[in-house]
Amino acid sequence: MVKFEKFMLDNGLKVLVHIDQSTPMAVVNVLYDVGARDEDPQQTGFAHLFEHLMFGGSVNIPDYDEPLQVAGGENNAYTTNDLTNYYCQLPSENLETAFWLESDRMLSLAFSKKSLDVQRKVVCEEFKEHYINKPYGDVWHIMRELAFKEHAYRWMTIGKELSHVENAQLEDVKRFFFKHYTPSNAILVVAGNVSVEQVRELAEKWFGDIPSGEKYKRNLPVEPEQQEERRMTVHRKVPADAIYKTWHMCSRLDDDYYTTDLLTDILGGGASSRLYQALVKEQQLFTGINCYHFGSLDAGLLAIDGQLVKGVDIKKAEDAIEAELDKIRHGLVDERELQKVQNKTESVMAFEDMSVMNRAGSLAFYELLGDGELMNTEFKKYQDVTVHDLKRIANVVLQPSNSNTLWYLAEN
C-alpha cells in the first residue's frame, strides 16, 4: 500500500505527496499531460523535441543540470505517445533546489534560436541513428501507419518524418509550449523524506504564481474498427527475416485491459511462455519471439514479433504462430497457467514499487489515469481475470480481420 496525500493549487496544479522516512532522498516528478498523440500531423516529433529543450536552460537558469548536480541531484525524462515525464532525485535537505528548477522552466523556458538549433540537431541525429540507419529501425514507422488510419498513434514519438523536426521554427515551438506546459496540464509528485506541510509551502512559493493556462482538452479522431486483414512485405539489409503482427486492443482504462495484459504474458512473457516454448525451443522456427502491448492510454496494439532461423519459410513461421493462437481461442488455458502469470504480475508490480523514484512516477501516472489510488487497487483487477475472460478476449482481439502483418525480409 502506497500512502499519499493530494491537494491542488489555485492555478490547477495537482500535487501528490508520498512520505518515506527510510531514505535520506527526495524525488520531484513533474508529469505533463502531453505526448506525441497531441501533435499536428504536419509537425510531429515536437513532444520529444520539447523533452530535450526543457534541459536547454530557462531565462533565469542558463544550465539546468549544474545547480542540480551541485545540490547532489540527478535527473532524467521520457516522452511517450501519451505523456511527457520529468523527474529528479536529490538529498531531501536540498528539496527546494528541485522546486526552483522545475518551476522556473515551467514559467520561463528560454526560447533561443541557439538552444533550438542544438536540440533539433540532437533529435535529428537520434532519428537517423535509431530509425533510419539501424537494422529493423523503421519497423514501427511502417507498422503504425499500417495499423492506424485516423488516430495519432499512427506516428512514433520521435516523429513521423525527419523533416518535421528539421523544419521546426521558434514560433512553432513557443506555441506548443504555451498550449501544453501549464500548471493546469501538469501533475507534481514529491516523494521521500519530506512532509506534506513542507511540500505545500514550497509548491505555493514556487508554482503558485504561475498562470494556470487553459486546460488542454483532447479531441482526437477515433480509430475506426478494422474490418479486414492488412499485410505488407518489405526488403531491407538486415541479418535475418522477421515477422511483425499486431491487433487492435482496448484502452488502458477498459476493464479488458487486464485480461489482455495477462494474455500477452501467457503467449510471450519470457522463456517459459507458449510462443517461446513451441516456436523457439521445440520447432526451432524462430531465434526469439515476443508478445506484448504498448500500454497506451487510448485503444492501442497487441503485438507479436520474432526473428526467423535462417532458411525457415516465413509462411510456415506465420502459420505456426496462428496455430498457437488457435489454442488460446479454443480456450486451452488452465487455471494453473493463469495463476502463474497473475503471480508474476504481482511480483513485478511489487518490485517496481521498491524505489522511491518508481513510486513517484507511478503515482503521477495513475493520477493521470484519473486517481492515484488506482496504484493500490489495480492488482485486484488482475486477480479477477478468469480463463473464460482469456478465451473471450482472444476471440475478440486475435482475429484475422483485426490483424496487421509485416513480413520484414532480408535482401538476398
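At roughly what angle do the axes of helix H9 and helix H14 cross? I shall answer that after a word on conventions.

This is a predicted model, in which local features need pLDDT of at least 70 and side-chain atom pairs count only at pLDDT 80 or more, while totals for chains, interfaces and linings use all residues. Residues are numbered from 1 along each chain as its sequence is written, and side-chain values use heavy atoms, with hydrogens and water left out.

Helices (H or I, at least four residues) and strands (E, at least two) are DSSP runs, numbered from the N terminus. The axes of H9, residues 256-268, and H14, residues 374-383, cross at roughly 70 degrees and come within 9 Å. Axes here are lines fitted to C-alpha atoms, for helices over the stretch in contact, and angles run from 0 to 180 degrees between N-to-C directions. H9 is therefore roughly perpendicular to H14, a term that covers 65 to 115 degrees. In contact terms (heavy atoms within 4.5 Å), Tyr257, Tyr258, Asp261 and Leu262 of H9 meet Glu378, Lys381 and Tyr382 of H14. By class, this contact has four nonpolar, no polar and three charged residues; Ala, Val, Leu, Ile, Met, Phe, Trp, Tyr, Cys and Pro count as nonpolar, Asp, Glu, Lys and Arg as charged, and the others, Gly among them, as polar.

H14 also holds Phe379. Phe379 counts as buried because its relative accessibility is 15%; buried means under 20% relative accessible area, with a 1.4 Å probe and protein chains only. Leaving aside residues up to four places away in sequence, Phe379 touches Gln342, Thr345, Glu346 and Met349. Its C-alpha atom is separated by 17 Å from that of Ser251, 128 residues apart along the chain.

I turn now to the sheet. Six strands form an open sheet of mixed pairing, in the order S1-S2-S6-S3-S5-S4. Strands S1 (5-8) and S4 (74-79) stand at the edges with a single partner strand each, so one side of each is left without a neighbour in the sheet. From one strand to the next, the twist averages 15 degrees. S1 pairs with S2, residues 14-19, in the antiparallel sense over four bridges; pairing requires that DSSP finds at least two bridges. Phe7 has Val15 in S2 as its bridge partner. Helix H8, residues 196-207, packs on the sheet and touches S1, S2 and S6 (186-192), its direction making about 150 degrees with that of S2.

Finally, Glu367 lies in helix H13, residues 356-369. At 4% relative accessibility, Glu367 counts as buried. Among the residues Glu367 touches, not counting those up to four places away in sequence, are Lys6, Lys14 and Ile187.

Key
Buried < 20%, exposed > 50% of the residue type's maximum accessible area, 1.4 Å probe, protein only. Parallel < 35°, antiparallel > 145°, perpendicular 65-115°, else oblique.
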